[in-house]
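Biologist: Hi! I'm new to this one, could you walk me through it?
Modeller: Happy to, let me put it up for both of us.

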Amino acid sequence: MNKPTALATFCVLVLAAVGLSGCGDPEQPQVAGPAPSPTQARGPVYVSDTLGHPLTRPTGFGLTEFSSVSRLSWRSWGGEKAVATGRLSGTWCLPRCSGDGYPATLELGRLERRENVSYYTRATVRSAHLPPADSDDLSAVRLPLPEP
């Protein structure tokens, strides 16, 4: 056998021996211990008004271009949901509700985290004084997020 053929044969035999010896275990890797829990972003929680201004526990703000909430008293804030009672008014109820508006409950939800702060992105308004058509429009209001 000449030298190049012998060298090539030797290399093939070494590679075959390494491959057959099992450099790795053919079984699936075993993972032990508890799975790491996801880390929640920490920081302040905001809601944006119709102009995209970040607000925290606001006493009132523009909910849609036609509706606003005022005299808000927050029962909860900062968790997955925020709940407040207050007054609801808008162009759809004029002149019946001019000034004071209707009593309503506001619920904010669907937190979206951005860097080290979070924003509520959905609002639901409930009021016994809303006509059915307006009630549907205010049952899942998308709230704007400030531009990054």
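Below, we chat through the strands, the core and the salt bridges.

Modeller: One thing to keep in mind is that this is a predicted model.

Biologist: Got it. Let's start with the strands: how do strand 4 and strand 5 pair?
Modeller: They run antiparallel to each other, with seven bridges between them. Across that pairing, serine 68 sits opposite serine 89 of strand 5.

Biologist: And what is in the hairpin of strand 4 and strand 5?
Modeller: There are five residues between the strands, and glycine 78 has a positive phi near 100 degrees there.

Biologist: Is strand 5 mostly covered or mostly open?
Modeller: Mostly covered, with eight of its nine residues buried.

Biologist: What about strand 5 and strand 6, in which sense do they pair?
Modeller: Antiparallel, over seven bridges. Threonine 85 stands opposite threonine 105 of strand 6, and leucine 88 has tyrosine 102 in strand 6 as its bridge partner.

Biologist: How many bridges join strand 6 and strand 7?
Modeller: Nine, and this pairing is antiparallel. Within it, glutamate 112 is bridged to tyrosine 119 of strand 7. The hairpin of strand 6 and strand 7 has two residues between the strands, and glutamate 115 takes a positive phi near 50 degrees in it.

Biologist: Switching topic: which residues touch the most other members of the largest nonpolar core?
Modeller: Leu63, Leu106 and Leu108 do, in a core of 25 residues. Strands 1, 4, 5, 6 and 7 each supply at least two residues of this core. The largest share, five residues, is from strand 6. As background, nonpolar side chains tend to be buried together in soluble globular proteins.

Biologist: What does leucine 108 touch, leaving out residues up to four places away in sequence?
Modeller: Its contacts include Val47, Trp74, Trp77, Tyr120 and Leu143. Glu80 and Arg122 are also among them.

Biologist: I noticed threonine 121. Where does it lie, and why does it count as buried?
Modeller: Threonine 121 is in strand 7, which covers residues 117–126. It counts as buried because its relative accessibility is 10%, and the cut-off for buried is under 20%.

Biologist: Which backbone oxygen lies 2.6 Å from a polar atom of its side chain?
Modeller: That of arginine 110. Beyond residues up to four places away in sequence, threonine 121 touches Arg110 and also, among others, Gly109, Glu112 and Val141.

Biologist: Now charges. How many salt bridges does a search of the whole structure find?
Modeller: Six. One of them pairs glutamate 80 with arginine 113, where the closest N and O atoms are 3.8 Å apart. Glutamate 80 is in the loop between strand 4 and strand 5 and arginine 113 is in strand 6, so the pair links distant parts of the chain, 33 residues apart. Arginine 113 is partly exposed, at 32% relative accessibility.

Biologist: What does aspartate 100 form a salt bridge with?
Modeller: With arginine 87, the closest N and O atoms being 3.1 Å apart. Aspartate 100 is in the loop between strand 5 and strand 6 while arginine 87 is in strand 5, so the pair ties together parts 13 residues apart in sequence. Aspartate 100 counts as partly exposed at 38% relative accessibility, whereas arginine 87 counts as buried at 18%.

Biologist: And which residue does arginine 126 pair with?
Modeller: Glutamate 107, with the closest N and O atoms 3.9 Å apart.

Biologist: Last one: which residues do salt bridges that share partners join into one network?
Modeller: Arg71, Arg87 and Asp100.

How values were computed. Residues numbered from 1 in each chain as written. Predicted model: local features only at pLDDT ≥ 70, side-chain atom pairs only at ≥ 80, totals over all residues. Heavy atoms only, no water. Helix = DSSP H or I, 4+ residues; strand = E, 2+ residues; numbered from the N terminus. Buried < 20%, exposed > 50% of the residue type's maximum accessible area, 1.4 Å probe, protein only. Polar contact = N/O pair within 3.5 Å; in protein donor to acceptor, adjacent residues only side chain to side chain. Contact = heavy atoms within 4.5 Å. Core = buried A, V, L, I, M, F, W, Y, C linked by side-chain atoms within 4.5 Å. Pairing = 2+ DSSP bridges. Salt bridge = Lys/Arg side-chain N within 4 Å of Asp/Glu carboxyl O.
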